[in-house]
Amino acid sequence: METMALVAHNQKKNELLEWVKENREKLKQFKLIGTSSTAEVVNNILELGIEPFGHGPEGGDILLAAKILEDQVQRIVFFMDPHTPHSHEHDIQTLIRTAVSNNIPIALNRASADFLLGEERKKA
């Protein structure tokens, strides 16, 4: 079973929650992990059993990058807020670079998340 990470900046958590609600059945085919606050928000409402792994601003993005390097994550949905400065911007960029460098699909908005979930992934 593939693992999908779910991440959302605070200003995008409601948008991610709506996306997860709409795609709940498709998401059940994945092991779901998420940054601690994102996992908490989704689990409190939808009880999907998303496994938390760390708070983004406190190293969660770096932990996710490490999981990519350990071949533990195959897809990422990260609803980013590009309009708000983030104190951990370097960590976010490291995560994105790690995903790109390791050929891991990373959706950074709703449109790309819809595409990522609708496509069967072929390993390179």
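This is a predicted model: local features need pLDDT of at least 70, side-chain atom pairs count only at pLDDT 80 or more; totals for chains, interfaces and linings use all residues.

User: Where is His-83 found?

Analyst: His-83 sits in the loop that runs between β4 and α5 (89-101). Its C-alpha atom is separated by 9.6 Å from that of Gln-11, although the two residues are 72 apart along the chain.

User: Let us turn to helix α1. Which residues in it are buried?

Analyst: Helix α1 covers residues 13-22, and its buried residues are Lys-13, Leu-16, Leu-17, Trp-19 and Val-20. They line one face of the helix, because they fall within an arc of 165 degrees when seen down the axis of α1.

User: And what covers the buried residues of α1?

Analyst: The cover includes strands β1 (3-8) and β4 (75-79), together with helices α2 (24-27), α3 (36-46) and α6 (110-118).

User: Which exposed residues are on the face turned away from the buried side?

Analyst: That face of α1 carries Asn-14 and Glu-22, both exposed.

User: Moving on to aromatics. How many aromatic pairs does a search of the whole structure find?

Analyst: The search finds one. Trp-19 and Phe-79 form this pair, with 6.1 Å from centre to centre and 55 degrees between the planes, and the arrangement is tilted.

User: Why does the pair tie together parts that are apart in sequence?

Analyst: Trp-19 belongs to helix α1 and Phe-79 to strand β4, so the pair links parts that lie 60 residues apart in sequence.

User: Are those two buried or exposed?

Analyst: Trp-19 is buried, with a relative accessible area of 0%. Phe-79 also counts as buried, at 1% relative accessibility.

User: Now the charged side chains. How many salt bridges does the search find?

Analyst: Six salt bridges are found in the whole structure. One of them joins Glu-2 to Arg-75, and the closest N and O atoms of this pair are 2.8 Å apart.

User: How accessible are Glu-2 and Arg-75?

Analyst: Glu-2 is partly exposed, with a relative accessible area of 23%. Arg-75 counts as buried, at 4% relative accessibility.

User: You placed Glu-22 on the exposed face of α1. With which residue does Glu-22 form a salt bridge?

Analyst: Its partner is Arg-110, and the closest N and O atoms are 2.3 Å apart. Since Glu-22 lies in helix α1 and Arg-110 in helix α6, the pair ties together parts that are 88 residues apart in sequence.

User: What is the relative accessibility of each?

Analyst: For Glu-22 it is 54%, so this residue counts as exposed. For Arg-110 it is 23%, which places that residue among the partly exposed ones.

User: Fine. What about Lys-28, which residue does it form a salt bridge with?

Analyst: Lys-28 pairs with Glu-25, and here the closest N and O atoms are 3.2 Å apart. Lys-28 counts as partly exposed at 46% relative accessibility, whereas Glu-25 is exposed, with a relative accessible area of 59%.

Conventions. Residues are numbered from 1 along each chain as its sequence is written. Side-chain values use heavy atoms; hydrogens and water are left out. Buried means under 20% relative accessible area, exposed over 50%, partly exposed in between (1.4 Å probe, protein chains only). Helices (H or I, at least four residues) and strands (E, at least two) are DSSP runs, numbered from the N terminus. The arc is that of the directions from the helix axis to the C-beta atoms. Contact means heavy atoms within 4.5 Å. Rings of Phe, Tyr and Trp (its six-membered ring) pair if their centres lie within 6.5 Å; planes under 30 degrees apart count as stacked, over 60 as edge-to-face and the rest as tilted. A salt bridge is a side-chain nitrogen of Lys or Arg within 4 Å of a carboxyl oxygen of Asp or Glu.
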